[in-house]
Amino acid sequence: MNEGRFQKKGQQQKAAQKMLHTINRDEEHIVKMWTPLHFSTPQDYCYFPKSRMFRCMNLVLRYVIYIFGPVIFKLFFGLKIIGREKLKNLPQKGVTVCNHVHMLDCGVVACAMNRRRICIPTLESNFCIPFVRHLVRILGGIPLPEHIRPFRRMHEALVSYINEGHLVHVYPEAVLYPRYNGIRKFKRGAFTLAYDCNVPVIPYVIRYVEPDGWERLLHRKPVMRLYILDPVYPNTENNKKYETERLCALVHEKMQEVFDRPGP
């Protein structure tokens, strides 16, 4: 019995190690941030605090973003949302994904989720920035551990969070590449999470287009368009490795199609 338990534990560790490699950050960062502080995710890190104070601060800050965010994004980014009608049928729980092309694109996506609460796994380095790290934490950001044990605990916490009826937002490209018009290579972590929870992957795509009409009066650079695509569901009857690779490739293809369309 003990041998079986140890063998199962070893298999879980290997699976988590593989998932860590698919989600963990690339060695090269396009955008360099000022990170004077040190942070390393402890084994007993509390990913989702239950205190009233934390929940209250989270609620207040989220609603500040939901109220003022759309105006700011419209004014400064020229943001328009395509497929907004799909928000009416947004699944209660799932994994959302988006290409990573702006430092505030998480706010852009959050404002297009009908004021839903979301969790955003982010690099540990973002928790090394004074003051900003507290905002990231309060707004639902959690650190992506670089070591296997805390990473496995984070994955378990995310599974529980999704099963409670929430959304987790993941950048499968991992690294921010400002204003990149296209879909880069994906890591499989988001799709592994969707498979483990048997929930859909909801793709969002940010594309930059040349300003048209009255937009030319306010914007000289390309403006932002956010596309909301149909959910893509995993088939949990398939082998996990095969299905996560299939799901990853299918979502990548559907997101790339946004850039293959003629015109804006």
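Predicted model: local features only at pLDDT ≥ 70, side-chain atom pairs only at ≥ 80, totals over all residues.
# Exercises on side-chain contacts and burial

At 29% relative accessibility, Lys86 counts as partly exposed.

**Exercise 1. Are the partners in the salt bridge between Arg184 and Glu173 buried or exposed?**

Step 1. Arg184 forms a salt bridge with Glu173, and the closest N and O atoms are 2.9 Å apart. Both residues are in the loop between strand E5 (167-170) and helix H6 (189-197), eleven residues apart.

Step 2. Arg184 is at 16% and so counts as buried. Glu173, with 3%, is buried as well.

Step 3. For contrast, consider the salt bridge in which the side chains of Asp212 and Arg216 meet at 3.7 Å, N to O. Asp212 has a relative accessible area of 52% and is exposed; Arg216, at 58%, is likewise exposed. Salt bridges also occur as a network, one that links Arg188, Lys241 and Glu245.

**Exercise 2. Classify the geometry of the ring pairs Phe39 with Tyr45 and Phe48 with Tyr161.**

Step 1. Two quantities are needed: a pair of aromatic rings is described by the distance of the centres and the angle of the planes. The structure holds eight aromatic pairs.

Step 2. For Phe39 and Tyr45, the ring centres are 6.0 Å apart and the planes stand at 80 degrees; the pair is therefore edge-to-face. Phe39 is buried at a relative accessible area of 18%, and Tyr45 counts as buried at 12%.

Step 3. For Phe48 and Tyr161, the centres are 4.3 Å apart with the planes at 5 degrees, so this pair is stacked. Phe48 lies in the loop between helix H1 (2-23) and helix H2 (52-77), and Tyr161 in helix H5 (residues 148-163), so that the pair links distant parts of the chain, 113 residues apart. Both Phe48 and Tyr161 are buried.

Step 4. Phe39 and Tyr45 also belong to one aromatic cluster with Tyr47 and Phe127.

**Exercise 3. Explain why helix H6 is described as largely enclosed.**

Step 1. The buried residues of H6 are Gly189, Ala190, Phe191, Thr192, Leu193, Ala194, Tyr195 and Cys197.

Step 2. Because eight of the nine residues of H6 are buried, the helix is largely enclosed by the rest of the structure.

Step 3. Just after H6, Asn198 adopts a positive phi of about 55 degrees.

**Exercise 4. Which residues are in contact with His219, leaving aside its neighbours within four places in sequence?**

Step 1. His219 is located in the loop between strand E6 (201-209) and E7. At 9% relative accessibility, His219 counts as buried.

Step 2. With those neighbours within four places left aside, the contacts of His219 are Lys74, Leu75, Phe76, Phe77, Gly78 and Pro211.

Step 3. For Leu75 there is a polar contact: the backbone oxygen of Leu75 lies 3.4 Å from a polar atom of the His219 side chain.

**Exercise 5. Describe the chain as a whole in terms of its secondary structure, burial and contacts.**

Step 1. The chain has seven helices and seven strands. Along the sequence they follow the pattern α-α-β-β-α-β-α-β-α-β-α-β-β-α.

Step 2. Of the 264 residues of the chain, 48% count as buried. The chain exposes about 14,600 Å², of which carbon and sulfur atoms supply 56%.

Step 3. Among contacts between residues at least 6 apart in sequence, 79% join residues at least 24 apart.

Note on methods. Residues numbered from 1 in each chain as written. Heavy atoms only, no water. Phe/Tyr/Trp six-rings, centres within 6.5 Å; stacked < 30°, edge-to-face > 60°. Buried < 20%, exposed > 50% of the residue type's maximum accessible area, 1.4 Å probe, protein only. Helix = DSSP H or I, 4+ residues; strand = E, 2+ residues; numbered from the N terminus. Salt bridge = Lys/Arg side-chain N within 4 Å of Asp/Glu carboxyl O. Polar contact = N/O pair within 3.5 Å; in protein donor to acceptor, adjacent residues only side chain to side chain. Contact = heavy atoms within 4.5 Å. Areas by Shrake-Rupley, 256 points an atom, 1.4 Å probe, with all protein chains shown as cover.
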